[in-house]
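Walk through this structure with me.

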Amino acid sequence: MTYQTLLFDVRDGVAFVTINRPDKLNALNDQVVEELADAAERIATEPPVKGAILTGAGTKAFVAGADIGDLAKQGPFDGKARALRGQAVLRRLETCGKPVIAAINGYALGGGCELAMACHLRIASETAKFGQPEVKLGIAPGYGGTQRLPRLVGKGVALQLILSGEMIDAREAHRIGLVNAVVAPAQLLAEAERTLRGILAMGPLAVRLALEAVDRGLDMTLDDGLLLEANHFGLLAATRDMKEGLAAFLEKRPPRFEGR
Ligand code: COA
């Protein structure tokens with residue numbers, strides 16, 4: 001697929017995905033969502049891609065939400081279909097099995113905040129702003145905001161954001177646990193890449209199973225989640241990577257993981 005609204009650039013194992021509609025503050029119209037679906041599939045399935053960084057073009061916005069022009073035309077059934085489609089794309093990213101980091105360079109509103117929340121880690125520029133302003137438009141979050149926001153920050157704070165529709169700045173987003181780190185705008189991409197490359201230096205099978213256990217475990221009873229964790233722990237004991245990681249520690253040398 002040739003992208004019209006995304007830049008997709010793989011450098012040394014990292015897919016840099018830039019949502020590229022800066023004149024519309026990178027709002028997610030149907031074409032962006034379709035192209036993001038393709039990008040998520042590529043991240044999940046292309047062996048040379050080991051992880052991804054998502055960001056927005058320009059200095060003003062990560063993503064300022066779903067495209068309000070598209071939403072204005074929808075009826076109940078295509079509205080539901082649009083929500084399901086967007087949710088599926090974000091879920092594909094979240095369960096792609098490789099680490100995905102959002103580098104949030106400006107407004108992350110509505111679908112933009114939801115896209116960032118589907119990534120595994122969020123690093124924000126000091127200039128970033130976050131919010132779920134949907135109720136101000138007479139709609140409610142539709143790309144997972146009502147589900148992922150309370151899981152990340154707790155029900156009370158999530159409801160405060162969703163019911164007020166108000167924006168918060170990067171420091172407040174950090175304080176409530178919505179983002180993992182806040183950095184100067186000029187450092188944003190370098191810090192996201194440094195963080196991702198740090199993760200990519202770990203055992204990739206261990207990273208994959210840790211992502212899966214946290215993702216699945218949140219919807220399980222504690223006992224079922226603990227069993228899943230124990231199964232992963234045992235499964236990793238069958239990998240060359242585990243033997244290499246433990247041997248490297250004992251031999252006081254850096255590990256050489258192969259993902260096997
Ligand atoms: N959908 C479609 N277009 C959008 C958009 C969105 N979610 N957000 C911004 N744009 C467009 C604007 O319409 C404008 O287009 P134009 O130049 O053709 O008129 C352009 O992006 C620039 O936005 P503008 O509003 O002029 O910038 P601003 O700096 O004055 O305000 C925001 C920035 C983010 C506060 C404002 O754009 C905004 O409130 N956007 C909507 C946020 C939202 O409600 N998102 C959730 C949608 S469900």
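An oxygen atom of the ligand sits 3.5 Å from a polar backbone atom of Asp23. The model is predicted: local features need pLDDT of at least 70, side-chain atom pairs count only at pLDDT 80 or more, and totals for chains, interfaces and linings use all residues. Residues are numbered from 1 along each chain as its sequence is written, and side-chain values use heavy atoms, with hydrogens and water left out.

A polar side-chain atom of Lys24 is 2.4 Å from an oxygen atom of the ligand. For Lys60, the corresponding distance is 2.6 Å. On its own, the ligand has 860 Å² of accessible area (Shrake-Rupley method, 1.4 Å probe). The protein covers 61% of that area.

Which elements give two or more residues to the shell around the ligand? They are helix H2 (68-72) and strand S6 (107-109); helices are DSSP runs of H or I with at least four residues, strands are runs of E with at least two. In total, 17 residues surround the ligand (a heavy atom within 4 Å). Lys24, Lys60, Ala64, Ala66 and Ile68 are the closest.

The largest nonpolar core has 49 residues. Such a core is a set of buried Ala, Val, Leu, Ile, Met, Phe, Trp, Tyr and Cys residues joined through side-chain atoms within 4.5 Å; buried means under 20% relative accessible area (1.4 Å probe, protein chains only). Ile43, Ile104, Leu115, Phe130 and Leu178 touch the most other members. Helix H1 (residues 30-45) gives the largest share, 8 residues. Apart from this core lies another, of 10 residues, including Val14 and Leu196.

Conventions. A polar contact is a pair of N or O atoms within 3.5 Å; within protein, one must be able to donate a hydrogen and the other to accept it, and residues adjacent in sequence count only if both atoms are side-chain atoms. Buried means under 20% relative accessible area, exposed over 50%, partly exposed in between (1.4 Å probe, protein chains only).
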